[in-house]
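Take each task slowly, then follow the solution step by step.

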Amino acid sequence: METFPLVKRVRPENSSRIWEIRNTLQSRQASKNQDEVPWEKHESWFQRKYLKNESNACFVLDYDGETAGYCRFDLENGSFRVSIALEPAYHGRGFGSLFLIEACAQFGKDKNLVAEVKRENESSIRIFKKAGFNITNKDDKYSYFERRAQ
């Protein structure tokens, strides 16, 4: 029996699953840095960025007891840069937009959010649009999104 996906704040035990999802071919292709990230580098980054830094936030999508994705909010220049990734097995099932909408709601509507999405990544562009983000600019590689504080 399938359960409804849950969005919750990241916990230390989510680190290894986030690392696995980040290193999938699909996640790397959608990222600026397409290299695989070594475990040691990921773990120190994860601790510093989300467990010891109260400015940033990370949420996970839990589905049937498995971490199916993550959504990060990283403070940069007064706005929060949003990054989202799902385990490829969950692509095309409508989880991306639901996850982003709920993660943004839990993070708070009082924050300015920005994102950069590769122009060929049409599914992520649709996800950000469904979540209320507006395209503010485009260049040859990226569409730039923003969602202003409400």
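**Exercise 1.** Find out whether glutamate 36 is buried or exposed, and which residue it pairs with.

*Solution.* Begin with the surface: glutamate 36 is exposed, with a relative accessible area of 55% (exposed means over 50%, buried under 20%, partly exposed in between, using a 1.4 Å probe and protein chains only). Next, look for a partner: glutamate 36 forms a salt bridge with arginine 28, with the closest N and O atoms 3.9 Å apart. A salt bridge is a side-chain nitrogen of Lys or Arg within 4 Å of a carboxyl oxygen of Asp or Glu. Finally, check arginine 28, which counts as buried at 17% relative accessibility.

A note on the source: this is a predicted model, where local features need pLDDT of at least 70 and side-chain atom pairs count only at pLDDT 80 or more, while totals for chains, interfaces and linings use all residues. Residues are numbered from 1 along each chain as its sequence is written, and side-chain values use heavy atoms, leaving out hydrogens and water.

**Exercise 2.** Work out which residue meets glutamate 20 in a salt bridge.

*Solution.* The partner is arginine 17, at 3.0 Å from N to O. Glutamate 20 is partly exposed at 40% relative accessible area, whereas arginine 17 is buried at 15%. Now widen the view: Arg17, Glu20, Glu66 and Glu87 are linked in a network of salt bridges.

**Exercise 3.** Describe the pairing of glutamate 76 and arginine 81.

*Solution.* Their side chains meet in a salt bridge of 2.8 Å, N to O. Glutamate 76 is partly exposed at 32%, and arginine 81 is partly exposed at 27%.
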